[in-house]
Amino acid sequence: VTLGIRRQIIQRNTLRRDFVTVATAYGNIRIKRGFVGDKVVFAKPEFSDCEKAAAESNIPIKSVIIAAITTYSKK
């Protein structure tokens, strides 16, 4: 039997974010970026943009996501 209490302090830091838009064959897709200082440490296509483009083009969402990431990476 344990007669103790475990306590843990958790701290959350949020990244500074912005959006850039990339032009793909399926339309414009926003890319959300996260920064630590001036360095981009996170970049991800906006799911709602990808979902809309996929529905309009009648293709899988994953195809739009890959196109957006590929286009962003070439910049």
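Which residues does threonine 24 touch, not counting residues up to four places away in sequence? I looked this up in a predicted model. Threonine 24 touches Ile29, Ala67, Ala68 and Thr71, with residues up to four places away in sequence left out of the count.

**Entry: threonine 24**

I placed threonine 24 in strand β1, which covers residues 16-24. I then checked its accessibility.

Next I looked for polar atoms around the side chain. A polar atom of the threonine 24 side chain lies 3.0 Å from the backbone nitrogen of tyrosine 26. For the backbone oxygen of glycine 27, I noted a distance of 2.7 Å to a polar atom of the threonine 24 side chain.

**Entry: helices α1 and α2**

I turned to the helix pair. Helix α1 spans residues 47-57 and helix α2 spans residues 61-73. I found that they pack at an angle of about 120 degrees, and that their axes are 8 Å apart. Angles of 65 to 115 degrees count as roughly perpendicular and those over 145 as roughly antiparallel, so I recorded α1 and α2 as oblique to each other. The crossing in which α1 passes α2 is right-handed.

I listed the residues that make this contact. From α1 they are Phe47, Cys50, Glu51, Ala53 and Ala54; from α2 they are Ile61, Val64 and Ile65. Sorted by class, the contact of α1 with α2 has 7 nonpolar residues, 1 charged residue and no polar ones.

How values were computed
Residues numbered from 1 in each chain as written. Predicted model: local features only at pLDDT ≥ 70, side-chain atom pairs only at ≥ 80, totals over all residues. Heavy atoms only, no water. Axes fitted to C-alpha atoms, helices over the stretch in contact; angles between N-to-C directions. Helix = DSSP H or I, 4+ residues; strand = E, 2+ residues; numbered from the N terminus. Parallel < 35°, antiparallel > 145°, perpendicular 65-115°, else oblique. Left-handed = near helix turned anticlockwise from the far one by under 90°. Contact = heavy atoms within 4.5 Å. Nonpolar A, V, L, I, M, F, W, Y, C, P; charged D, E, K, R; others polar. Polar contact = N/O pair within 3.5 Å; in protein donor to acceptor, adjacent residues only side chain to side chain.
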